[in-house]
Amino acid sequence: LLTRFHLARASWVYNNTGTDAVEELDSVVFYANQVSPLSLQPLFANIFVNEGPSDAEAIFELDFNNLDQNALAVSFDLSTPGQKFLARQDLVTAFAARTGDTRRSATLAPTGRALVKYFRVQNNDDNVEIIRGAEVILNRAEAIARRDFILGNPTVSSVVIDGYRTIDARALNVPLASITYAPNSNAQALQDLLLQRRLEFVMEGHRWTDLRRNNRMDEGDVP
């Protein structure tokens, strides 16, 4: 949770005080490194199928059951009455541009804009991931890329690259791929990480703060 806090605070410090916010970004890295080991579910879809102790990726998870329910699944299921949440068309387009991304089938219906990440309509007992390993990995990568961008470091850190490709490899269900950035590409790395966050955390409560933190609230359909 402290990695999330200091990442958001770094943005506030940078935008409101004019200082470089490096100390806040270093705090993100420090607290991310305290979470050891950082585990990921081998398959993305299993995050939402294997709940409770069987979810190796969960750091903080809200547990629901048939006596303590939520309305997430019925808010997605178009076959039930009531108000529904649908994906934006640009999210559908972003997934379509990613051949082989397994997060699509675990997030969206095969056609249209319907969402399927939460699906336990019968008992309304989908657990809710508050903090999971993927977020900590991406928080740390973003903090380092942002720090190096602020400091004018021309090299994209290996930690940034490894964070991106770890999440990307799981999404594509392929071995880790080699990624190379040209000099002075930390700004591009930040955009790549933002796109990963968008596809990784659909309906997990991150998108608004991701856009706010990156000063992207007024740009319309952004990655």
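Is Phe76 buried or exposed? In this predicted model, Phe76 has a relative accessible area of 2%. Because that value falls under the limit of 20%, Phe76 counts as buried. The residue belongs to helix α4, which comprises residues 72-76. Beyond its neighbours within four places in sequence, Phe76 is in contact with Phe85, Leu115, Val116, Lys117, Tyr118 and Met203. Asn123, which is 47 residues away from Phe76 in sequence, is 14 Å from Phe76 in space, C-alpha to C-alpha.

The aromatic residues were examined next. A pair of aromatic rings is described by the distance of the centres and the angle of the planes. Four aromatic pairs are present in the structure. One of them joins Phe30 and Tyr31, with 5.0 Å from centre to centre and 80° between the planes, an edge-to-face arrangement. Phe30 has a relative accessibility of 46% and is therefore partly exposed. Tyr31, at 30% relative accessibility, is likewise classed as partly exposed.

The rings of Phe48 and Tyr118 also form a pair, with centres 6.1 Å apart. Their planes meet at 85°, so this pair too is edge-to-face, since planes over 60 degrees apart are placed in that class. Distant parts of the chain are linked by this pair, as Phe48 lies in helix α3 and Tyr118 lies in the loop between α6 (103-107) and β2 (128-132), 70 residues apart. Phe48 has a relative accessibility of 4% and so counts as buried. Tyr118 is buried as well, with a relative accessible area of 3%. Through ring pairs, Phe44, Phe48, Phe76 and Tyr118 are linked into a cluster.

Helix α8 covers residues 158-172. The buried residues of α8 are Val160, Ile161, Gly163, Tyr164, Ile167, Asp168, Ala169, Arg170 and Ala171. An α-helix has 3.6 residues a turn, so residues three or four places apart point the same way. The elements against which the buried residues of α8 pack are α3, α6, β2, α7 (133-151) and α9 (186-200). Gly163, one of these buried residues, is 162 residues from Leu1 along the chain, and their C-alpha atoms are separated by 18 Å. Leu1 itself is located in the segment before α1 (2-17). With a relative accessibility of 67%, Leu1 is classed as exposed, because the value is over 50%.

Helix α7 contains Glu135. The relative accessible area of Glu135 is 2%, and the residue is therefore buried. When residues up to four places away in sequence are not counted, Glu135 touches Arg4, Ile130, Arg197, Phe201 and His206.

The surface was considered last. Val35, Ile59, Phe60 and Leu62 make a nonpolar surface patch of about 310 Å². Among these residues, Val35 is situated in the loop between α2 (22-34) and α3 (46-49). The relative accessible area of Val35 is 30%, so the residue is partly exposed.

How values were computed:
Residues numbered from 1 in each chain as written. Predicted model: local features only at pLDDT ≥ 70, side-chain atom pairs only at ≥ 80, totals over all residues. Heavy atoms only, no water. Helix = DSSP H or I, 4+ residues; strand = E, 2+ residues; numbered from the N terminus. Buried < 20%, exposed > 50% of the residue type's maximum accessible area, 1.4 Å probe, protein only. Contact = heavy atoms within 4.5 Å. Patch = residues over 30% accessible without salt bridge, like charges linked within 9 Å, V, L, I, M, F, W, Y side chains within 5 Å. Areas by Shrake-Rupley, 256 points an atom, 1.4 Å probe, with all protein chains shown as cover. Salt bridge = Lys/Arg side-chain N within 4 Å of Asp/Glu carboxyl O. Phe/Tyr/Trp six-rings, centres within 6.5 Å; stacked < 30°, edge-to-face > 60°. Expected span 1.5 Å × (residues − 1).
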